[in-house]
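Load the model and switch to cartoon view. The tour below says what to select next and what is there.

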Amino acid sequence: MVPQAVDLTVRTLGECRIESPLAPLLPEPESTEHYVDEDDRVLFDDTRSMVAARKTKLDALPGFEPGGPRRKIFFQPSKTRVGIVTCGGLCPGLNDVIRGLVLELTSHYGVTKIYGFRNGYQGFIAGYGHPPIDLDAEAVSGINEYGGTILGTSRGSQDPYEIVDCLEQMSINVLFVIGGDGSMRGALTIADVVKERGLKIAVIGVPKTIDNDIPYIEQSFGFQTAFSKATESLRSAHVEARAVPNGVGLVQVMGRHSGFIACYATLANNDADYVLIPEVPFQLDGENGFLAHLRRRVAERGHAVVVAAEGAGQEYLESDEPGQVDKSGNRNLKDIGLFLRKRIAEDFAAHGMESSLKYIDPSYAIRSVPANPYDSVYCIRLAHAAVHAAMAGRTAMVVGRWRGRFVHVPIALAISKRNQVDPTGDLWMSVLETTGQPRHFG
Ligand SMILES: Nc1ncnc2c1ncn2[C@@H]1O[C@H](COP(=O)(O)OP(=O)(O)O)[C@@H](O)[C@H]1O
Ligand SMILES: O=P(O)(O)OC[C@H]1O[C@](O)(COP(=O)(O)O)[C@@H](O)[C@@H]1O
Ligand SMILES: [Mg+2]
């Protein structure tokens, strides 16, 4: 479904009447190629044919509200009390975002009460016994040097009514949720309970996912760091495979439903010959199946490197057991890497070919590292945008970047689908060009 203008409308808590402390820094109210004025919109569509297909007037074209400081804000900074929470799996840059939020709130808006809720949504529930911590410039000093999150994180849902009870008891006006699709589903339910109770609490998300599976934000923070780290495993697999007769290097990387890490790591160093991702089903057996292709390639070139995203080929691993899920309801995946290792070895043996397979699974090593400088820049800019949005009374939205511009994306839109590699898109085409693998196996 193509989003319409109404889907891009951001919820607000009320009129902005307070002069922003940042107003003097703002340029003239006009957009340029480097700046989008707050009253302007960032168009959703960016090709002539997409715009033409709307068959509508310029004013009615769907556009995102731009991110950035407003001249007038909703919350009185000296009275504003803020909460920050990180939820779901780790991702490089979580600490950068926490630090960015705290420094922007304190240094530029003069907010003095900021609480870090610990261990994800559990931090709002008294029974877990994780009281919030005070956050200020000193508490966040240097945290960006480290991976992980100083607040801790968790999976598993909590009652949104209890979470809002906690926010009310602590007189919190703004809640920042740094998390993935599950966390944003949670954030939306919190924002809905806030609305139901007629409260004025802004709920702003900073989308986090190393899988890059959140839509309408171009790329998520930490993704670049994660795939860069994964390239080290591809390089090792290539060195190992080339060093022995009929060497096969097999690397499994994260990517539950989206194969972006596998694709980008492959494009980064051109060492992989085959990339298997959840979005593109593949046939294993038969003359044109993956195994036969791999065998032929090794016979011709002496070695090969295979990269598999963890969600690829799950159809080969399904059993009769009822589907296992984690505490957040995410389906637990079966191990495609180990399955392929076994099947590749068996296939070579069955065809009387000697082979030497080296299997590398960098797993958590790619998401537990500190952000690289590019991601750190992205994190701090997302944090700034999140603070500006919150102070201007926006709610039920995430900050993101669309067509190179920082924008506000309603949470409902950000969780409406999953960002995935498009098998007909130009990214997958680049992967096919780089690896030389066929569009289809089988
Ligand atoms: N539909 C939902 N409604 C409310 N909370 C949810 C929902 N889905 C997930 N959550 C909660 O959000 C948090 C993080 O979700 P999870 O899926 O583990 O990670 P991520 O946010 O990275 O996708 C967990 O506490 C989880 O229970
Ligand atoms: O073992 P954990 O912590 O549940 O995480 C594993 C999963 O986390 C991910 O990194 C995605 O995490 P999120 O859903 O939190 O974004 C997947 O790639 C991976 O399958
Ligand atoms: Mg998720």
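Start at the largest pocket, which holds about 1100 Å³ of space. This is a predicted model: local features need pLDDT of at least 70, side-chain atom pairs count only at pLDDT 80 or more, and totals for chains, interfaces and linings use all residues. Residues are numbered from 1 along each chain as its sequence is written, chains are lettered from A and ligands numbered from 1 in the order in which they are written, and side-chain values use heavy atoms, with hydrogens and water left out.

A pocket here is an open set of points on a 1 Å grid over the protein atoms alone, with protein on both sides within 12 Å along at least five of seven lines; a cavity is a set where a 1.4 Å probe fits but cannot get out; lining residues have an atom within 4 Å of a point. Points are joined across faces, edges and corners, and a volume is the space filled by probe spheres set on them.

Select Gly89, Arg155, Arg256, Asp326 and Asn330. Of the 45 lining residues, these lie nearest the pocket centre. The lining divides into twelve nonpolar, 18 polar and 15 charged residues. (Ala, Val, Leu, Ile, Met, Phe, Trp, Tyr, Cys and Pro count as nonpolar, Asp, Glu, Lys and Arg as charged, and the others, Gly among them, as polar.)

Which helix gives the most to this lining? Select α4: it supplies seven residues. α3 (160–169) and β11 (247–253) each supply at least two. Helices (H or I, at least four residues) and strands (E, at least two) are DSSP runs, numbered from the N terminus.

Now colour by domain, with bounds from an automatic or database domain assignment. Domain 1 (65–221 + 370–414) and domain 2 (224–315 + 324–368 + 423–435) both give residues to the lining, so the pocket lies between them.

Next, the nine-stranded sheet. It is open, with mixed pairing, in the order β3-β4-β17-β16-β10-β9-β6-β7-β8. β3 (42–43) and β8 (133–134) each have a single partner strand, so one side of each is left without a neighbour in the sheet. Two strands pair if DSSP finds at least two bridges between them.

- β3 and β4 (63–66) are antiparallel over two bridges; Leu43 stands opposite Gly63.
- β4 and β17 are also antiparallel over two bridges; Glu65 has His408 as its bridge partner.
- β10 (202–207) and β16 (397–402) are parallel over two bridges; Gly205 partners Val398.

α4 (181–196) lies across β9 (174–179), β10 and β16, at about 160° to β9. α9 (373–391) lies across β9, β10, β16 and β17 (405–410), at about 135° to β16. Axes are lines fitted to C-alpha atoms, for helices over the stretch in contact, and angles run from 0 to 180 degrees between N-to-C directions. Contact means heavy atoms within 4.5 Å.

Move to the four-stranded sheet. It is open and parallel, ordered β12-β13-β11-β14. β12 (274–276) and β14 (356–360) stand at its edges, each with a single partner strand, so one side of each has no neighbour in the sheet. The twist averages 15° from one strand to the next. Seven bridges join β11 to β13 (303–309). Gly247 stands opposite His303. Helix α8 (336–350) lies across β11, β12, β13 and β14, at about 165° to β11.

Last stop: the cavity. A search of the whole structure finds one of 30 Å³ or more. Select its lining, including Val275, Ile277, Trp428, Arg439 and Phe441. By class, eight lining residues are nonpolar, two polar and one charged.
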